[in-house]
Each structure stands twice: as structure tokens, then as C-alpha cells.
Amino acid sequence: MVRGLEDRLFNTIIYIILGLVGIVCAFPLLYVLSVSVTPYGEVLKHGGYIVIPRSISFEAYKKLFAGNDMVQTFGVTIFITVVGTFVNMVLTTLMAYPLSRKNLPGRSFFLMLIVFTILFSGGIIPTYLVVRNTGLIDTVWAMIIPNAIGAFNLLIMKSFFENLPSELFDSARIDGAKELRILWQIVIPLSMPVLLTVGLFYTVGHWNEFFQAIMYVTNTDLHPMQVVIRNILMQSQNPELMLDEFVPTTTLQMAAVIVASVPVIVIYPFIQKHFTKGVTLGAIKG
Amino acid sequence: MKKKYFNRFVILLLISLMTVGCTPKESSNTPAKNNKETGQENNNTPMEIEIAQTGAGFPDPDPIKDAIDKALNIKIKINALASADDYFNQLNVRLSGGNYPDIILTQDRQRMAEYGRKGMLLDLTPYINQLQPAIDFVGEDNFKKGNIDGKQYGIPRIPDVPFNTWWVRKDWLDNLGLEVPTSLDEITNVAKAFTFNDPDQNGKKDTYAITGGGIGAFTGIFSAYGVGAPGQFYVKDGKVINSLKDPAMKDALAKIKGLISDGVVDPELIANTARQHIDKLYQGQYGLVYFPWTEIAKVESQEQIKMVNPDAEWIQIKAPTGPGGNLDGWYDVATVSRMWSLPKSLENQPEKLKKIFELFNYVSEREGNLLVMYGEEGKNYKMEGDKVVITDPKGVEHSHYYQMTGRPNAEYLATKFGYAQKEIDFAIEQPRVEVYNSLITLPDGYVASDADRYINEEIIKFIYGNRPLDEYDAFIETLENTFNYKIYLDSATEQIEEFIKQ
């Protein structure tokens, strides 16, 4: 293949554009990271614009983790994320698989119900009443069970399962496998891309858990990290506190943002390769 | 054949599972979260009391809470969210769902009226004699602020004293050889000098005069014309008037417009959010502002200011004399710092109700009040004769959340911020425009957010020259007709006149 001048020019332009877009995306993150390790006085001296930190200090992080509540809330968030995602995946898979089998009696009826919930929802107060009457209020499970199966994610998984060649299932059935065994030993190993994708959606959703926590959980011990961080950031808005309390500085706020978002950013690259595989999987029928 | 029946059985099972949720509610109807029944109790188990409020930063363990719990044999549970929006969202859902906290922060009269008129709050009128210490502490004048439609729905917290005044960079004045400005014209001159004559002498034109959090930056200018901020109600010439309808408002707006077009104001003024304007102040680019002393004179603030520039020196100045006199900003005389309400469901829980009254009385009487103001005697403070001296302020910075009925401001500020006594007293002494906005409950059919947004937008247009000031009357007319402001004006005037007569 001869690379002509046109091709090289084209490639260069693409690289430049992508490079610029990459910088624009990364810059805010770099800024937040830099401000979070720069002492507040330094930040002020340079008018709030620090891209490369001149002096590093982890004071803000130390202050953040000083109180017991940060550790506690970290634990709560990890619990919701791990256990929650597990519950999500089990339930969603168990529901998506039967719905993907075309010979399920009443299939279209259930599918219609599910789509119905995407379009219409009960509203905040009725949902609250349901959660309350099932006794979930003020427990950690209020953030896991009410949204255990996301209708959208369910449909994604269902369509993926539908695309698996049915010859596989027929041959498995001939060999005497029951449905659960087919699910566990054939469908799931083949579905890694979609499982990871949907799993990641749920994980990020749980990590960012905020609204559910505010609505259903009044016990501050059980608040997940996003609520606590919002409390820290919003303290500066409260006029009473002008008088008495220590008001969080820009540095502290940025540190809080980093603590909230870094774990997810760190996990992303490991899972990313499965996305790209998943995108092309359905495209080429082998 | 068997498979067919099996399928049908499964479908039937699934459908019946879905309808299980439709059973009639046989669970208990009492909304109370506590698992105790009302009536005779084992008198030694501490009564659980849940307080819902805005706030954050409660330490664990909490020495003040533990001390109160021990003194009253109760177990306080605080449910607090820092953001008022989040808190009220949660509160609305809870109250609609029947999940009432034991003590509710309703914060302002409007909300208290809303919940009260829906029958959610307990009318305290029959229990007034049980709350006498609290009433004596806040004073009758303040206590009646919790009364609406003849019912006592709220227990108010003593209002704060004013904090805001004009501040100017003394070192900049000295560098430029200027005197402290005392009139509006001098303010303009000083502002221009600060912007164009390089007061920090660093060779760069990087300074301005005025900044703030939006239109609030001009509070001191409005008051120099004798008007309150846009939308506030006060008494002028014996009548209740809204600042927007005050003829002096146009003059004030013209003055502000002049300042902006002179270039002496922060170009990003309207975009300042949260604490940005305070950060800008610390950075040292502004020299003539209207701020509370808490952001400048407190030890922590001074640290930040000196860190950037050790020579920076801020002083308070009296309000400049303007056509309206020399009033220094505004102060809401009908406000309270917090408003607490009790849910109606407590009617059926006389034991808990009694404990709640004890709590309010305890923090109002001297011993409990000292605890929630300063912490534990011997550990956080000590008494020298009659005077309180703070020995260790750490660990009890959150004490103000437990000052349910408030604190005697003069003593409190003197003890905690004695080093800033001059600034504190100065702020308290200044004459201000006395406004009544906290008093007002909105009339039916009036949507405040629309009108407020329109007012804000149009005022910004006027002061930035995007709309000529001679269209001001047209603006008022649109406001009164399209946005129903007239209804609001009439209702508010009536409520304020009634309040003043009392």
C-alpha cells in the first residue's frame, strides 16, 4: 500500500484534531487535580489559574479524611457499589435471558410492561410511599433494591442475547442441558462484552448515587460519598456558617471532587477493551 | 401436553405475584418512625428525638450532643443536609409520605405557613405555658414571628445582628494619597483611582474597585439613596413601600449604571457564584466593597488576605452620604435566624412532646445555653467571674446548630471574636434601611420565582445599559400586570401594616 501525500496529510490533520480534543477533555481534570494539591494561598496568588502546581501539599486530602465520616461514607459507597452491582447483574441477567427466548409465553406482554415503565413512572411521592411501606426507608438497601433492574439496561442485554445463534441452544438442549445450565455455561461466557458494559453502567450509577440517598435515607451514617461531598461543597453557601465555622476553600473543594471521581476513572481503562470488542461483535456474522 | 400446563401455571404464578402488592394496607397507620408505642413508658430509656435541619460538619463523637442527651435523658438524632435545596426536597417528600421528624426546621414564614395551613404542623398555643423559658429567652417580639393566622406554628431563633458594612483598602488610599470617601461623589472618585491609578503599585492595570455576589455588591449604593435592594419592602414617609416603586430607585440605578460604565466594577460581577467574589477579595484586586466583617476581620480571613499580600489593610468606613441620607445597606427587622416547627402527629405523643419542650427550655436557660454556645466548662471555656473565656475552641465549632433558640449575640460575639470587637460593634451601630420581607407569605395565584427572575434580569439590563432607564415605568407595568406583582404588593403591604400595628 503506497502512502501518498494525501494520506499523510489526512492523517496529520486527524491527529491534530484528535489531539486538540484530547487536551480540551483532559484540561479540566488536570486543573482540578492541580488546584487540589496546591495550598489555598498559592491558588489565590495566581488568580485561581494553576495548571502545573508549583508547590504540592496534601493538606486538603488530610483534612477531608480527618473526620470519621469520610471513611464511613467510603465504606457505604463501596458496599452499595459492589453488592448493588452484583444484585443488579444477577437480576437483570435472569430477567433478560427468558425475555430473549422467542418462545416464552406472554413475552410481548411483559416486554410491553417494561417499555411502559421507561415512558411513565409513578412520580416521587408514590415511589416514596412504596419504598416506605416495604420498610426500606433509612436502610442501605433503599439505594439498591428500588432500582435493581434498569429497564434500559435490561433491553440492551435482551437484544444481545437475542443475537446469539440459536443453534447453540438447540444443540445444548439436545445434549440434555436445562435452561439454567445453558444460561450459566453458554450464554454468560459468550456475553462478556454486554455484561461488562451493563455492569459498568450500574457501577457508575451506584457510585454517583445521590438522589436516592437524599430521598430515602435520613440517617447520615448511611449517606454515600456523593451526598457527603455535596455537603462539604455546599457548606460555603450557608450564611450562618459565615460566622462560626471553617468554610471549605477552593483547594478543599477540588480535593473532594477528585476523591469522588478518581476511582471510576481508574477502573475505566481496564474495562475499555471489552467495549470495543462488544461494539463490533454483532457486526460480523462468522 | 405436560409442558402446556406447566407454561400456563408459570404465567398464572407471575400474574399473581404482580397482584400481591394490591393487598389492603393492614400495617400500622402511625407515621412515627420510632418503634415505641405511646403511653406509659419505661421511664429510664432515653427518648429518641429526631431533628431535621440544614447543616453539616457534625463531629463523631459529638460532645455537645452527648452532654444534652445526658442532661435530659434523651437521645438526639440529627438529620442534616448542607444544601437548603436538598434539605427541603427531602423534607417535602418526607412530609407527604407521612414520615415526620420530631423537630422540623421550617426556616422561614412562607414555608411554615404552607405546612401549617395544610395541617401538618402542631399549633403550640395550648402549650405556651410549657415553653415559658424559651419565650422569655427569645423575647415576645421575636416569638410572635412564629405566629400565623392566630396559630403559633413556629419557635423562632434569635435573629443575627447585622454584619455588613463598606470596606476599603487603607493601604491603597495611602499609596494614592486619598482620603476616606464620605459622599457618593467621593466614592466614585476613589473607585476610579483604584481602577486606573495602579494603587497596588505593581505597574500593571489589574485592579478594580467594586465586586460582590451579583447585584448585592451595590447594596451600599441603593441605601445611599434610601432604597432597599430591588423587591424589598420598607416604610417611607409613614407608608409601606416596595423599593421598585420608590421614585429614588431610578436615581440609584442610574448611579450604578454610571459606576459600571466607568469601568470600576468587576466585569464578571453577575457571573460570580458561591464564594468567588470572596476569593477575588483575598486575591487583592478589589479595594472598595460592601462585605460582612466575617469575611474580612476574622482570624482565618486575615490569614488568607495576608498570605497573598502582607501589606493589605482593610478598614471599615461609614456609609457615604447620598440623597437618601447615609443609611448603611438594609436589615430585615422581621427575620429570625431559624424557625422550628413540630409535626401535628406529636399531639398523640405527650411524653415526647414534653421532652421536646424540655430541650427548647434547656438550651434557653443559662446552663444549657452556655453549653451550646461555648462547649463544656473546664474543657472548652472557663468562667472568670462573670465573664466567659474560651480556652479550647476545637471540637465544638458546630455548637451553633444546637443553639435552637439562639444566643445573646452581644455576649457571644464578644467572647468568640473579641479581637474584632471594634468591627462587630461598628456593624451593629450603623443605621440601615429597615425591611420587612421575612414577614410576607405569598398570596394565592402568585408565582414568586417568575417575577423574581424577571426583576433580576431587567435590573441587570438597566444597569448594564442594555435597556434605557426611561423604560423603567414600562418595566414596572409589565411586572404588575403580566407577572401579577400587583397582587403580591397589595398582600404584602397589608401583612406588613398589620405586623407594625401589633
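Analyst: What follows begins with a pair of helices in one chain and then turns to the other chain. The model is a predicted one, and the description below should be read with that in mind.

The pair consists of helix α5 (residues 107-119) of chain A and helix α7 (residues 151-162) of chain A, whose axes come within 9 Å and cross at roughly 140 degrees. Since angles over 145 degrees would count as roughly antiparallel and those from 65 to 115 as roughly perpendicular, α5(A) and α7(A) are therefore oblique to each other. The crossing in which α5(A) passes α7(A) is left-handed. On the side of α5(A), the residues that make the contact are I114(A), T117(A) and I118(A), and they meet A151(A), F152(A) and L154(A) of α7(A). Sorted by class, this contact of α5(A) with α7(A) holds five nonpolar residues and one polar residue, with no charged residues.

Chain A has 286 residues, of which 30% count as buried. Among the contacts in chain A with a separation of 6 or more, 71% are accounted for by residues 24 or more positions apart.

In chain B, the domain assignment gives domain 1 (47-159 + 336-422) and domain 2 (164-333 + 434-501). The centres of domain 1 of chain B and domain 2 of chain B, taken over C-alpha atoms, are separated by 32 Å, and the contact takes seven residues from domain 1 of chain B and seven residues from domain 2 of chain B. On the side of domain 1 of chain B that touches domain 2 of chain B, helix α4 (residues 109-117) of chain B gives the most, with three residues. By class, that side of domain 1 of chain B comprises four nonpolar residues, one polar residue and two charged residues.

One residue of chain B can be followed individually: P323(B) lies in the loop between β11 (314-317) and β12 (330-332) of chain B. P323(B) counts as exposed because it has 12 C-beta neighbours inside 10 Å, and a residue with 12 or fewer is placed in that class. Leaving aside residues up to four places away in sequence, P323(B) touches Y225(B), A248(B) and D251(B). P323(B) and A274(B), by contrast, are 49 residues apart in sequence and lie 32 Å apart in space, C-alpha to C-alpha.

Notes
Residues numbered from 1 in each chain as written. Chains lettered and ligands numbered in written order. Predicted model: local features only at pLDDT ≥ 70, side-chain atom pairs only at ≥ 80, totals over all residues. Domains from an automatic or database assignment. Contact = placed C-beta atoms within 7 Å. Helix = DSSP H or I, 4+ residues; strand = E, 2+ residues; numbered from the N terminus. Nonpolar A, V, L, I, M, F, W, Y, C, P; charged D, E, K, R; others polar. Axes fitted to C-alpha atoms, helices over the stretch in contact; angles between N-to-C directions. Parallel < 35°, antiparallel > 145°, perpendicular 65-115°, else oblique. Left-handed = near helix turned anticlockwise from the far one by under 90°. Buried ≥ 20, exposed ≤ 12 C-beta atoms within 10 Å, placed from the backbone.
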